[in-house]
Amino acid sequence: MPPSQSDHLLSRFLGILPSTPEEKILRMLIELGCEVVGGQEGSLLVYDRDADVLRFAMTVGDPESEKKLRGQAVPLGAGLTGLAAATLEVQTGAPTFKDIEQKQRTGDASTPDAVIAAPMVSGDELVGVVTAVSFENGKRFSSKDARLYAGFAAIAAIVVDLRRRLSAYESGAAAAPQEENERARLERRVLGSMQRLVAGDSARLAAVADLLTAIENVAPPRPAR
């Protein structure tokens, strides 16, 4: 699938246009999340409601892999990624769905050895899934990794939700809010911070990764649903 069609996936299903701050934020979130949990590649899959499948729209870590995966579909409930979408819960483990075509690799397995998949949810609506994968033999993602990646997925969903609301307002489909509630103000602060980080260098991103890890070490785990 040509890059223009990949961009179309983001704009069609998430309202995110290419080369915008939102697109850069989403890519940075996957890059940072993948680095924090120790994955070699990470992807964002969008939810195609009409076909009831997830579609690979963005992959970081390997440009060749991104070209290979772009546009491929994962049915809901299929493998850990499809299960994360179906249950709206983070899934980790060894991959069980084998129908995704991977790029040819030398010296390691052709499929990931470990997967972590976190759903992106706006309200009660599934908008996509973000994943991290490792090709390291015997690698397994921990429950701590799962909680961290759930946080990255939640921020990605906020980015999408704010973009949709702004687009609705700009098109006249929604009235300007009379008063922002506390959650909306916090969401805008998160987006503003992420936009500023987009312009940061790798040292700043590494510092953010360390900060997130430190927060995770002292924050109580979220109760299982």
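Buried here means under 20% relative accessible area. Keep that cut-off handy, because Phe 152 has a relative accessible area of 5% and so counts as buried. One caveat before you start clicking: the model is predicted.

**Stop 1: the ring pair.** Select Phe 152 together with Tyr 149. Tyr 149 is buried too, because its relative accessibility is 1%. A search of the whole structure turns up one aromatic pair, and these two residues form it: a tilted arrangement, 6.3 Å centre to centre, with 55 degrees between the planes. An α-helix has 3.6 residues a turn, so residues three or four places apart point the same way.

**Stop 2: around Tyr 149.** What does Tyr 149 touch, leaving aside its neighbours within four places in sequence? Its contacts are Ile 30, Gly 33, Cys 34, Val 37, Ile 116, Ala 118, Val 130, Thr 131 and Ala 132.

**Stop 3: the largest nonpolar core.** Zoom out to this set of 35 residues, where Tyr 149 is one of those touching the most other members, along with Leu 10, Leu 14, Leu 26, Leu 44, Met 120 and Val 130. Colour helix 1 (3-14), helix 2 (21-37), strand 1 (41-48), strand 2 (53-60), strand 5 (114-122), strand 6 (125-134) and helix 5: each supplies at least two residues of the core. Helix 5 gives the most, with nine residues. There is also a second, separate core of 13 residues, with Tyr 47, Leu 54, Leu 69 and Leu 126 among them.

**Stop 4: strand 1.** Select residues 41-48. Eight of the eight residues in strand 1 are buried. Glu 41, Ser 43, Leu 45 and Tyr 47 point one way, and Gly 42, Leu 44, Val 46 and Asp 48 point the other. Next, bring up the partners. Strand 6 runs antiparallel to strand 1 and is joined to it by six bridges; look for Gly 42 with its bridge partner Ala 132. Strand 2 is also antiparallel to strand 1, over seven bridges, and there Ser 43 stands opposite Thr 59. In the hairpin of strands 1 and 2, check Asp 52, which has a positive phi near 60 degrees.

**Stop 5: helix 4.** Finish with residues 79-87. Which residues of helix 4 are buried? Gly 79, Leu 80, Thr 81, Gly 82, Ala 84 and Ala 85 are, and their cover includes strands 1 and 2, strand 3 (73-75), strand 4 (91-93), and strands 5 and 6. Step past the helix to Leu 88, and you find another positive phi near 60 degrees.

Conventions. Residues are numbered from 1 along each chain as its sequence is written. This is a predicted model: local features need pLDDT of at least 70, side-chain atom pairs count only at pLDDT 80 or more; totals for chains, interfaces and linings use all residues. Side-chain values use heavy atoms; hydrogens and water are left out. Rings of Phe, Tyr and Trp (its six-membered ring) pair if their centres lie within 6.5 Å; planes under 30 degrees apart count as stacked, over 60 as edge-to-face and the rest as tilted. Buried means under 20% relative accessible area, exposed over 50%, partly exposed in between (1.4 Å probe, protein chains only). A nonpolar core is a set of buried Ala, Val, Leu, Ile, Met, Phe, Trp, Tyr and Cys residues joined through side-chain atoms within 4.5 Å. Helices (H or I, at least four residues) and strands (E, at least two) are DSSP runs, numbered from the N terminus. Contact means heavy atoms within 4.5 Å. Two strands pair if DSSP finds at least two bridges between them.
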